[in-house]
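Please look at the sequence and the structure shown below.

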Amino acid sequence: MSTVILTGLPVPGSPLTDELRSLGFDVRPAAGPEEAAAVLAGVPADQRVAVVDSAFVGHVHALRLALTDPRFDACAVTGAVAVQPGARAALEKAAALPAEGGGPHADRLAAAVEAAGTPVHHPELGTLVAAVPATGAERAAAEAAVAAVDDEAVRLRTAVKSRDGFFTTFFISPYSRYIARWCARRGLTPNQVTTASLITALIAAGCAATGERGGYVAAGVLLLVSFVLDCTDGQLARYSLQYSTMGAWLDATFDRAKEYSFYAGLALGAARNGDDVWALALGAMILMTCRHVVDFAFNEANHDATANTSPTAALSDKLDSVGWTVWVRRMIILPIGERWAMIAVLTAATTPRIVFYALLVGCAFGALYTTAGRVLRSLTRKAKRTDRAAQALADLADSGPVAELAGRVVGRLAPGAGIAAAVIGSVALLWTAWACGFGARQVIIAAAFYAVLAGAAVARPLKGALDWLVPPVFRAAEYTTVLILAAKADVPGALPAAFGLVAAVAYHHYDTVYRIRGGSGAPPRWLVWTIGGHDGRVLLTAVLASVLATRAADFPVALTVLAVFVALVVLVESIRFWVSSGAPAVHDEGEPA
């Protein structure tokens, strides 16, 4: 139970007490600051506690935003402040200070908490009202302003992500927000909706795996239903402010699990009809994962950089100020709404091969468009990267023991190699794997060369203009090497096993992204070393191919064992982290990937 301390003399006819109770608070009155401090001392330390001025006039949703958002230790609007246990000591110190100056007591407390070093979040209210009027005339004006704005309409509108794709904005959100409200009123949680979305997508993948036209049609319809639920869970979280660490983990992983499972379902369905598209399915997964790593690495490298301006960025901002160009630019990158709609329609109407061809072409164009723009921005701006950004890029590189050892030795000879070393090593590896036969010793040599240059690439802080490309280059090299070797083996089961291995490793890389995005740092080093790092896995895969060159039929078994090992180690540690008290309540409002 959360507690709110209502300070000051009660206002006759005010609905404030009932509104606070409707938000789940136990309301305790306090005539003045000294009494409020005494009441505060009696509230259990593990409870959320708020202080609200009894003369407060405003919308209920304004209070909800200030008092119930679990993402912030301290939050405030005019006349109301709330803290979670993590900021409780700061509030108690503020309450013990002498009451000096005018204005609402809650505002003075919020200012004192912030001045003491505890960040206080101030939600953007927009048209919502939050005021503490001093006179009867001011109160009447505030009440009129409250009556003029539909609180529920604002709450529904702001439940929708502020930046979304064309398809999601105009074909899903107009009604999914009402589904979110329906779920909230029936006590459903975002996690339950997220799980329903996953289950629906897995059923869709099963329908696609039948290989029959009826199954493909059902798969397309269910995939769209899953996407509607996927939008609903985030809108429900924003509508009811139900953010949680478990929700962060589910949201961070289920989108990719749903999409990649559907790829596997399409590949299984095609195989039933004699068409092997596993290479296309794996290629699509590689492309999507690398694209997402590009997005994150660029944003992470630049969001806190200094002197972070460029002519290219200015032109992009100018285009974003023209309505129709915004939607065109969002559509051509094929964000998740457009992508899933395309997959659903083509699945129902065509064949899996056509679905993957369209997916590869569309996503490749979108990836080239966004990457080219970001390269231009990076080359034309004089940004200075921070140590924190350089560390995030190094963590995202996922270097294992081989690369780290090589970096200590070779890095001294080639300081600041960065992206150049990563590209040279990756190109040499992929060319050798492509040009040589399955199991060739040259591939092992190329893999060792790749590992050495990978160490050189990250031996110094990644602060160069294009060093944010190092992690996606490593992802492309590792995943594509597995694809090439599995294709070269030319035995049944090799490509499906490679798909499973890349899926397990990709989960680890997405997990790394969301840990860093949540501010909790990368996975522990022991985990990265246990699964080899990207360099160790590439070298091991090359060695397995060479050892099994005369027994290629065993190569799928080796890849499967490696995939299971990686998946088990990564999942156990990931689940432990995301259900722990230290996990961040990540809420993604970024690119509509």
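**Helix packing and burial**

H11 crosses H12 in a right-handed manner; a crossing is right-handed if the near helix is turned clockwise from the far one by less than a right angle, and left-handed if anticlockwise. The names follow DSSP runs numbered from the N terminus, where helices are H or I runs of at least four residues and strands are E runs of at least two. This is a predicted model, in which local features need pLDDT of at least 70 and side-chain atom pairs count only at pLDDT 80 or more, while totals for chains, interfaces and linings use all residues. Residues are numbered from 1 along each chain as its sequence is written, and side-chain values use heavy atoms, with hydrogens and water left out.

Two packed helices are described by the angle between their axes and the distance between the axes. Axes are lines fitted to C-alpha atoms, for helices over the stretch in contact, and angles run from 0 to 180 degrees between N-to-C directions. H11 and helix H12 (residues 278–302) pack at an angle of about 165°, and their axes lie 8 Å apart. H11 is therefore roughly antiparallel to H12, given that angles over 145 degrees count as roughly antiparallel, under 35 as roughly parallel, 65 to 115 as roughly perpendicular and the rest as oblique. From H11, the residues Arg256, Glu259, Tyr260, Tyr263, Ala264, Ala267 and Leu268 meet Trp278, Ala281, Ala284, Met285, Met288, Thr289 and His292 of H12, where contact means heavy atoms within 4.5 Å. By class, this contact of H11 with H12 has 10 nonpolar, two polar and two charged residues; Ala, Val, Leu, Ile, Met, Phe, Trp, Tyr, Cys and Pro count as nonpolar, Asp, Glu, Lys and Arg as charged, and the others, Gly among them, as polar.

Helix H11 (residues 245–272) also packs with helix H22 (residues 494–517), at an angle of about 160° and with axes 10 Å apart. H11 and H22 are therefore roughly antiparallel to each other. In this contact, Trp249, Ala252, Thr253, Arg256, Tyr260, Tyr263 and Ala264 of H11 join Phe499, Tyr507, Tyr510 and Tyr514 of H22. Nine nonpolar, one polar and one charged residues make up the contact of H11 with H22.

A further pair is helix H7 (residues 151–158) and helix H10 (residues 213–240), which pack at about 140° with axes 8 Å apart. That angle makes H7 oblique to H10. Here Glu152, Arg155, Leu156 and Thr158 of H7 meet Arg238, Tyr239 and Ser240 of H10.

Burial can be followed next. Helix H3 (residues 60–67) is mostly covered, with seven of its eight residues buried, where buried means under 20% relative accessible area, exposed over 50% and partly exposed in between (1.4 Å probe, protein chains only). Ala201, placed in helix H9 (residues 190–209), is buried with a relative accessible area of 0%. Leaving aside neighbours within four places in sequence, Ala201 is in contact with Ser226 and Lys258. Tyr357 in helix H16 (residues 352–380) counts instead as partly exposed, at 41% relative accessibility.

Cysteines complete the picture. A disulfide is a pair of cysteine sulfur atoms within 2.5 Å, and the count by this rule is zero. For Cys363, the closest cysteine sulfur is that of Cys290, 12 Å away and too far for a bond. Cys363 counts as buried at 1% relative accessibility, and Cys207 counts as buried at 18%.
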